[in-house]
Amino acid sequence: MSHMVVVMGVSGSGKSTVGGLLAERLGVPYAEADDFHPPANIAKMSAGHPLDDADRSPWLDAIAAWITDRGREGGVVSCSALKRSYRDRLRAAAPDLFFVHLDGPPELIASRLAARMEHFMPAGLLRSQLEALEPLEPDEAGAVITIDGGPAQIAERAFAALPD
């Protein structure tokens, strides 16, 4: 069975690292959601301003197109997917989409963000992301995975949570 998975969570939760490891484990392509941002979004975030729904619209459409293009092949894409409406938009591209929500204490995520060297997302935007985050609802296919431990451990927990 080929899986189509979105590894979601706030910036600094490990989406890129865990998403890459999970895709490798599944033998499917991986896509980094940051690569889908138009330059204006990156400039806005780099300046310390959070994105709004209008900013995220073309970004979500591009990720949804990537998901659609994968078809039955499967794939893993990292995407903050902070709001239910964003996840619904992605799910429209693939009804069987499974969300892996990487979650942990804000202090741990903040320390990881502070350690990142070459990323456009300033640590100051973590608060706005935590405020915007809408947890997975019971009717959404997905699992919440704790981010304690190393990337390989987290990826294994994510793999174990996938449906058969």
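Residues are numbered from 1 along each chain as its sequence is written, and side-chain values use heavy atoms, with hydrogens and water left out. Because the model is predicted, local features need pLDDT of at least 70 and side-chain atom pairs count only at pLDDT 80 or more, whereas totals for chains, interfaces and linings use all residues.

**Helix H3**

- Helix H3 spans residues 53-70, with 18 residues; helices (H or I, at least four residues) and strands (E, at least two) are DSSP runs numbered from the N terminus.
- From first to last C-alpha, H3 reaches 25 Å, close to the 26 Å expected at 1.5 Å a residue, the expected span being 1.5 Å times one less than the number of residues.
- At the N-terminal end, Asp-52 caps H3 through a side-chain oxygen 3.1 Å from the backbone nitrogen of Ala-54.
- After H3 comes Gly-71, with a positive phi near 50°.
- The buried residues of H3 include Asp-55, Arg-56, Trp-59, Leu-60 and Ile-63; buried means under 20% relative accessible area, with a 1.4 Å probe and protein chains only.
- These buried residues pack against strands E1 (4-8), E2 (30-32) and E3 (75-78), and against helices H2 (39-46) and H4 (84-91).

**Nonpolar core**

- The largest nonpolar core has 45 residues, of which Val-6, Ile-67, Cys-79, Leu-90 and Val-100 touch the most other members. H3 gives the most to this core, with six residues.
- Such a core is a set of buried Ala, Val, Leu, Ile, Met, Phe, Trp, Tyr and Cys residues joined through side-chain atoms within 4.5 Å.
- Leaving aside neighbours within four places in sequence, the contacts of Cys-79 include Val-6, Ala-33, Trp-59, Ile-63 and Leu-90; contact means heavy atoms within 4.5 Å.

**Loop between E3 and H4**

- Ser-80 lies in this loop and counts as buried because its relative accessibility is 9%.
- Beyond its neighbours within four places in sequence, Ser-80 is in contact with Met-8, Gly-9, Lys-15 and Trp-59.
- The C-alpha atoms of Ser-80 and Val-7 are separated by 7.6 Å, although the two residues are 73 residues apart along the chain.
- Ala-81, also in the loop between E3 and H4, has a positive phi of about 45° although it is not a glycine.
- Ala-81 counts as buried because its relative accessibility is 0%.

**Aromatic rings**

- The charged end of Arg-25 sits over the ring of Phe-159, 3.7 Å from its centre; the criterion is NZ of Lys or CZ of Arg within 6 Å of the ring centre and within 35 degrees of the ring normal.

Methods:
Buried means under 20% relative accessible area, exposed over 50%, partly exposed in between (1.4 Å probe, protein chains only). A polar contact is a pair of N or O atoms within 3.5 Å; within protein, one must be able to donate a hydrogen and the other to accept it, and residues adjacent in sequence count only if both atoms are side-chain atoms.
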